[in-house]
Amino acid sequence: MAEYSLSNRKVLVSNKEMTFSERLYLPAIMKGMGVTLKHFFGKKVTYIHGKDLRNYSSTYRGLHVLKRDDEGRERCVACGLCAVACPAEAITMVAAERLPGEEHLYREEKYAAIYEINMLRCIFCGLCEQACPKEAIYLTDRLVDVELTRKDFIYGKEDLVEKMDNRIDISNRQHH
Amino acid sequence: MKVTIDGHTIDVEAGTTILQAARQIGGDLVPPAMCYHSKVDNTGGKCRVCMVKVTAGSEKDPRPMPKLVPSCVTTVQDGMVIENITNPQVLEARKNVVELLLINHPLDCPVCDQAGECKLQDLSYEHGIVDSELVEDKRVFDMVDIGDKIKLHMNRCILCYRCVYLADQLTPERVHGVMFRGDKAEISTYINKAIDNEMSGNVIDVCPVGALTDKTFRFKSRVWFLKPMNAERNCDKCCGKSTVWMFGDEIYRVTSRHTQYGEVEEFICNTCRYDKKSTSDWTITGPRDFGQASVINQNNYVQELKKVVIKADKRLL
């Protein structure tokens, strides 16, 4: 067979005998350990979930928020389109009718009395956000907390609806 | 009488309307109808979405009709040739009619209980109407309770008159009608008089939009989360044949059975509709079938399952 290489990456394998130091094995081990030890003193590449802040992409899809409008009224009308769009069936809701005197709490005559997202089922695909006709649900760059029991991952309205003194900015994600 | 609709020829009896003839053929060429209801007398000719082009009036006089005609109130003549979906003029006119119907409609589908089974929603979706040229404010009414079981949401009404004619048909004296004229017209009971007829709940079913809704089902669920089942019971007031809308083992609401054109098959009484919401009241005979495109079939087991055959070498799998 001719000694040609189309890719120029062809290497001939030789069957040469190992030298004495190579056969000792220890120098190669020390060299390998040295490589490992070197990384102990370098920059850490691991992020601790929920503790360290890493740089998220501006389109990152994390924990949902149920937005309020400028006057602080809940936007969600429990139309159920997020639930029907959800491929993981993570969203459930129960609607209720707004009573007279509650106009400052809910924007329209119908609102979600119960709105739950099971964060263990959720795959953070963002289809709920796309389906929402009322611009009520958005995914944010926040993370879902670590919990000890499964039922703690079912987020209700108290976790999802934004607080008036702690509004969640979703504009960054929307500009992309 | 021989009529040809979009190239399909059919023999129909004299006195048949174009819409009925089209329904006898079936399929895509059936014009939509918002106001016409075959079980309610005198309906039709109001909404104008069923307009079609008559390209040949009859065999004797084959001249085309100069304007589009409403198919629900135009009777056929021998040798009539009609174009519906094959005529771009009809489709354009229909699109404009739907836009006009939406002039005062609030498009509050996310809130409305009719969403998912609303004819106006289907029409506006089919005709791709996104923006309206209307610059004026839409008319706004307060919600009214007609009796303790029916909610009238006048904002959503398209003034099809179906409910008015149905009330005329069911009651000996007129209890409910359209007050005022033109832009001010509104459905009303005569000075807030409640409709207390035993069959009055059927106005909910004949309403093509969400103007008349069932208060016992108000905001309970969305129709696409429920499983519609055919159910029967022995009722001394009505036929006792209904569709029950179930969530798990619970009956959320009871409606009459609707045909594929959204018309009521047989009217049911208020006792069946409002008071019999336990599974022990009904004999459930099977799932109610809805058209493939209906959102009601979302996640529903009556949807036909398609078997996928992978064309690959058997040894590979």
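Modeller: Remember that this is a predicted model. Let's begin with helix α2 (residues 88–101) of chain B.
Colleague: Ok. How far apart are the end C-alpha atoms of α2(B), and what span should its 14 residues give?
Modeller: The ends are 20 Å apart. At 1.5 Å a residue, the helix should span 20 Å, so the two agree.
Colleague: Which residues of α2(B) are buried?
Modeller: V90(B), R94(B), V97(B), V98(B) and L101(B).
Colleague: And where do those buried residues fall, seen down the axis of α2(B)?
Modeller: Within an arc of 100°, so they line one face of the helix.
Colleague: What about the other side of α2(B), which residues are exposed there?
Modeller: P88(B), Q89(B) and E92(B) are exposed on that side.
Colleague: What covers the buried residues of α2(B)?
Modeller: The cover includes β3 (51–56), β5 (80–83) and α3 (119–126), which belong to chain B.
Colleague: New topic, the contact between the chains. How many residues does each chain put in?
Modeller: Chain A gives 12 residues and chain B gives eight.
Colleague: Which element supplies the largest share on the side of chain A?
Modeller: Strand β2 (residues 91–97) of chain A, with three residues.
Colleague: How does that side of chain A divide into nonpolar, polar and charged?
Modeller: Six nonpolar, one polar and five charged.
Colleague: Last thing. What is the mean pLDDT of chain A?
Modeller: The mean is 89, with 97% of the residues of chain A at 70 or more.
Colleague: Where is confidence lowest and highest in chain A?
Modeller: Lowest in helix α6 (residues 171–174) of chain A, at a mean of 79. Highest in strand β5 (residues 154–155) of chain A, at 96.

Definitions and conventions. Residues numbered from 1 in each chain as written. Chains lettered and ligands numbered in written order. Predicted model: local features only at pLDDT ≥ 70, side-chain atom pairs only at ≥ 80, totals over all residues. Contact = placed C-beta atoms within 7 Å. Helix = DSSP H or I, 4+ residues; strand = E, 2+ residues; numbered from the N terminus. Nonpolar A, V, L, I, M, F, W, Y, C, P; charged D, E, K, R; others polar. Expected span 1.5 Å × (residues − 1). Buried ≥ 20, exposed ≤ 12 C-beta atoms within 10 Å, placed from the backbone. Arc of directions from axis to C-beta. pLDDT = per-residue confidence, 0-100.
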